[in-house]
Amino acid sequence: MERTLVVGVDGSPESRAAADWAAREAVRRDMRLHVVHAWSWQPLALPVVQDHDTEAGRAQEVLEETRAELTRRHPRLSLTAEVVPDVPVPALLRAAKDAEMLVLGSRGHGALAGFLLGSYGQQLIAAAECPVVSVRAGHGIAVPGSDEGEVVVGQQGGVADSADVLRFAFETAASRKAPLRAVRAWNLPPVYGYSPGSMWIADRFGGLEPFEKAALEQALEPWRTRYPEVDVVAHVELGGAGHVLLSAASDAGLLVVGRQVRESGLGTRIGSTAHAVLHHSACPVAVVPHR
């Protein structure tokens, strides 16, 4: 079965940037790119002229303009495209169900925008079964070298906990022939958290920081073996995960984090680290679900 990468478009500069980024990634990975424009006829309760056929035609124009631009810029690209008669979240989730990746546009230091108004972006990132990449307008058509730089990946927990996020990061770095920086952030336990168990760990490894370094190396070992061509830097730093990752990825081509989902009274929410880097990272961010 042909591997597929899906991108959502709506004609905005953010979605055009996302489509261009997705096209480059699809060519690198030898994937088919499937462009989706979710459009649903929803008449407004306002005294303005609204015509179903006109709006449907505009939706098709957005798709055709995107297709033409991507074909011109990326002649080697395998491309399909469709207008889906539905609202964005369910339409894109269905389109990406068997995809390798879903790419979305975002803008500025704030909420995801374009067709991702309100909580759409967070809903998609929280519910998608595949990695979701958020691309800012500055990392699309207007910036030819936007993919340059190392791939930075956040690692936490044990070997099994980070397997999916490291697999994605190593595969991406290998396809780009880029170095990879694996980052593990840690904090000192609170005073009441010191226990015989934590003291045993500190004694065995010569301190808590060496323990964290050993845990990172253990998680990286199988992926170093699988991707020997990838130049890897192991980075362990004391501090909050969001802050440490944003600092490490200041000049990166891509930042990769895992996804933790929690339910609240306001609906599904992604983890605090993913939330922080999505809103403040200068480079594209990939959020990888833990399977």
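What we have here is a predicted model, where local features need pLDDT of at least 70 and side-chain atom pairs count only at pLDDT 80 or more, while totals for chains, interfaces and linings use all residues. Residues are numbered from 1 along each chain as its sequence is written, and side-chain values use heavy atoms, leaving out hydrogens and water.

Let's go to the second largest pocket. A pocket, on a 1 Å grid over the protein atoms alone, is an open set of points where a 1.4 Å probe fits, with protein on both sides within 12 Å along at least five of seven lines; lining residues have an atom within 4 Å of a point. This one is lined by 25 residues, and Gln155, Gln156, Ala241, Leu245 and Thr273 lie nearest its centre. By class, that's eight nonpolar, 14 polar and three charged.

Which element gives the largest share of the lining? Strand 7, with four residues. Helix 8 (241–248) and helix 9 (272–280) each supply at least two. Helices here are DSSP runs (H or I, at least four residues), strands likewise (E, at least two), numbered from the N terminus.

Those two helices also touch each other: Ala241, Gly242, Leu245 and Leu246 in helix 8 meet Thr273, Ala276, Val277 and His280 in helix 9, contact meaning heavy atoms within 4.5 Å. The residues in that contact are five nonpolar, three polar and no charged.

Definitions and conventions: Ala, Val, Leu, Ile, Met, Phe, Trp, Tyr, Cys and Pro count as nonpolar, Asp, Glu, Lys and Arg as charged, and the others, Gly among them, as polar.
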